[in-house]
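This report goes through a two-part model, from its secondary structure to single residues. Please keep the sequence and the 3D view open while reading.

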Amino acid sequence: MPALQTKYSESELVMLLKQRQQSAFNYLYDNYSGALFTVILNVVSDRELASDVLQEVFVKIWRQIETYDETKGRLFTWMMNISRNASIDTLRSKDFKNSQQNRELNESVYESAGTTELKTDQIGLRKVVRELKEDYKVLVELSYFEGYTQDEISKMLSIPLGTVKTRLRTALTQLRQHIKISGY
Amino acid sequence: MDTKEYIESGVIEAYVLGMATAEESAELETLRKQYPEVSQAVLEFEEHLERVAMSNPEAAPAAVKRNLDQLLAGEFKSNENGKVVTMPATSYTKPLWKYVAAASVVLLVGSSILNFYLYDQYQSSDKKYSNLLAQQTTMQARIDVMNTKLNGMDESMRIISDPTMKLVSMPSAKTGENFLATVFWDTKTKDVYLLNNSLPQAPKGKQYQLWALVNGQPVDAGTMDLCAGVCHMKNIPNAQAFAITLEKQGGSATPDLSQLYVLGKI
């Protein structure tokens, strides 16, 4: 049901956020929490952990809104990048690695038996990436969703760094075309 | 500069996705100020990405908002927390009906929107219901067909396993052909049942007809229609042999012996 609510333009919203208005924060949350949660789930598939990241992301957005520069990109792009970076930091954190280890010990049996855990590669951007050719898909998965550097990928896949660079560029242009074709 | 090549190089996507190097980002930020088409391409990809994330988003857990409200409570500057402003006395003289009117307009708008929404829901439910109904009818029809088949099979089983039945096997009348049909003849009621073991499909406009040979004379025992399992034929009180010929649709009065397929003596 359409909400009976004022719709802010992006610049109005940014202005109100910079004025520390609670109503603007609520509006931001209502409109973007789902999309940003999707972005986070694409990287951190554990829902509970992803919820923690989402909370952290909104705190960051709120406290760092002053650093947002609209000449460099849209508000959503800025928030999406904050979400991705926070997600990858979580993946890389010691706590996460420990929790994964415990999980492997305790829950591997149940996991292989098929849990109802959400398939996080079937929502958001990852759903589009899945449609790419295997060679391209791997590169986008490793670099964008798992945050590996091109150097690391080159070593992991035993492909020359130059090839990783050019192939990743092609993968990204393919990704843009897939998004367009899919009608977004 | 060839902006087309630049736009299609993948650097814009890398920039928007936060994967470009510092030099690449600096170059792009300079170029987008000079070339509107570069700026446009950046914007377009940003909008596409936003739409991808916005379509079917996962609902954020409610606890997150509660935690945030607590966590940031001291940082909000909301109207409620603002300075208390005393309302000018004139504002109280506004007649009540104005507020009532304003409220009813709001309610009316709200209710209209709700109506649209409910009507939409109703239509989609109605469509789903019709689809289900159609599905159910199809299923019922299938069940009926299966039931008929099953009843035919049951009946066949009963006939075949009945010890009062006399079994007359009818092999091919001509040598070299390998057809077979079987007559089950009820020794009490004299009813005749026919099982087609391996007769070829009758050509169009033709039909197999069963004959009983009574004292050397062929007696019509009925035509073989489509039946599930064993076909119930005519009642034959007395016979020495049975035979099947291929006749015109609906059967003949006398058999065409050139079209004799199978024959079995009792």
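## Secondary structure

From the N terminus on, chain B runs α-α-α-α-α-α-β-β-β-β-β-β-β-β, a total of 6 helices and 8 strands. Helices (H or I, at least four residues) and strands (E, at least two) are DSSP runs, numbered from the N terminus. Chain A has 9 helices and 0 strands, in the order α-α-α-α-α-α-α-α-α.

The model is predicted: local features need pLDDT of at least 70, side-chain atom pairs count only at pLDDT 80 or more, and totals for chains, interfaces and linings use all residues. Residues are numbered from 1 along each chain as its sequence is written, while chains are lettered from A and ligands numbered from 1 in the order in which they are written.

## Burial and contacts within the chains

A residue is buried if 20 or more other C-beta atoms lie within 10 Å of its own, exposed if 12 or fewer, and partly exposed in between, with C-beta atoms placed from the backbone. Of the 184 residues of chain A, 32% are buried; for the 266 residues of chain B the share is 20%.

Two residues are in contact if their C-beta atoms, placed from the backbone, lie within 7 Å. In chain A, 60% of the contacts between residues at least 6 apart in sequence join residues at least 24 apart. In chain B, residues 24 or more positions apart account for 56% of the contacts with a separation of 6 or more.

## Helix packing in chain A

The axes of α1(A) (residues 10-18) and α2(A) (residues 22-43) come within 8 Å and cross at roughly 130 degrees. That angle makes α1(A) oblique to α2(A); angles under 35 degrees count as roughly parallel, over 145 as roughly antiparallel, 65 to 115 as roughly perpendicular and the rest as oblique. Axes here are lines fitted to C-alpha atoms, for helices over the stretch in contact, and angles run from 0 to 180 degrees between N-to-C directions. The crossing of α1(A) with α2(A) is left-handed, the term for a near helix turned anticlockwise from the far one by less than a right angle, with right-handed for clockwise. From α1(A), A:Leu13, A:Leu16 and A:Leu17 meet A:Ala24, A:Phe25, A:Tyr27 and A:Leu28 of α2(A). This contact has 7 nonpolar, no polar and no charged residues. Ala, Val, Leu, Ile, Met, Phe, Trp, Tyr, Cys and Pro count as nonpolar, Asp, Glu, Lys and Arg as charged, and the others, Gly among them, as polar.

α2(A) also packs against α4(A): their axes come within 9 Å and cross at roughly 35 degrees, in a right-handed crossing. On the α2(A) side the residues are A:Tyr32, A:Leu36, A:Val39, A:Ile40 and A:Val43, and those they meet in α4(A) include A:Met79, A:Ser83, A:Arg84 and A:Leu91. By class, the contact of α2(A) with α4(A) has 9 nonpolar, 2 polar and 1 charged residues.

## Nonpolar cores

A nonpolar core is a set of buried Ala, Val, Leu, Ile, Met, Phe, Trp, Tyr and Cys residues joined through C-beta atoms within 7 Å. The largest one has 63 residues, and those with the most contacts inside it are A:Leu36, A:Ile40, A:Leu54, A:Val57, A:Met79 and B:Ile12. α2(A) gives the most to this core, with 12 residues. Not counting residues up to four places away in sequence, A:Ile40 touches A:Ala50, A:Val53, A:Leu54, A:Ser83 and A:Ser87. A second, separate core of 23 residues includes B:Ala181, B:Tyr193, B:Trp211 and B:Ala221.

## Interface between chains A and B

In the interface, 46 residues of chain A are in contact with 40 residues of chain B. Elements of chain A that give two or more residues to this side are α2, α3 (47-64), α4 (75-92), α6 (124-129), α7 (134-145) and α9 (161-181). The most come from α2(A), with 11 residues. The side of chain A that touches chain B divides into 23 nonpolar, 16 polar and 7 charged residues.

## Single residues

A:Ser158 lies in the loop between α8 (150-157) and α9 of chain A. Its phi is near 50 degrees, a positive value in a residue other than glycine, and A:Ser158 is exposed, with 6 other C-beta atoms within 10 Å. B:Asn56, in the loop between α4 (36-54) and α5 (62-71) of chain B, also has a positive phi of about 50 degrees although it is not a glycine. B:Asn56 is partly exposed, because it has 13 C-beta neighbours inside 10 Å.
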